[in-house]
Amino acid sequence: MAEAGIIERSNSPWYSPVVLVTKKDGSKRFCVDYRALNPVTATDAFPLPRIDDTLDALSKVQWFSTLDLKSRYHQVEVAEVDKENAFSFGQGLWHFNVMPFRLCNARGCF
């Protein structure tokens, strides 16, 4: 991930542990456990747009584009001021340069 520019070294005062989760096929998934950080994060208070307004706006569009969802979170860059969500796995602190999964205020946060 460091070679791909997804993560880089960090000196953040906040960090979360890394966990390896076993997937159904037996392979491992790299996950950062944000359960301690999410409750102390100021959440966004933006309501979802009304679906009928969204569909009305799309009815006048002539061109559509698709987004490759294979690595959906790795396509959204994180602003410099928001890179204090470091993680550690025994080799120092690192932070994401792109949107990590399950971080509060990120799409898909539960």
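Visitor: Leaving aside its neighbours within four places in sequence, which residues is His95 in contact with?

Guide: Contact means heavy atoms within 4.5 Å. On that basis His95 touches Ile6, Ile7, Glu8, Arg9 and Ser10, and also Lys83, Asn85, Ala86 and Phe87, once neighbours within four places in sequence are set aside. This is a predicted model, in which local features need pLDDT of at least 70, side-chain atom pairs count only at pLDDT 80 or more, and totals for chains, interfaces and linings use all residues. Residues are numbered from 1 along each chain as its sequence is written, and side-chain values use heavy atoms, with hydrogens and water left out.

Visitor: Is His95 buried or exposed?

Guide: Buried means under 20% relative accessible area, exposed over 50%, and partly exposed in between (1.4 Å probe, protein chains only). His95 has a value of 8%, so the residue is buried.

Visitor: With which side chain does the side chain of His95 make a polar contact?

Guide: A polar contact is a pair of N or O atoms within 3.5 Å; within protein, one must be able to donate a hydrogen and the other to accept it, and residues adjacent in sequence count only if both atoms are side-chain atoms. Here the partner is the side chain of Ser10, at 3.1 Å.

Visitor: In which strand is the place of His95?

Guide: Helices (H or I, at least four residues) and strands (E, at least two) are DSSP runs, numbered from the N terminus. His95 lies in strand 5, residues 93-96. The chain has one helix and five strands, in the order β-β-β-α-β-β from the N terminus.
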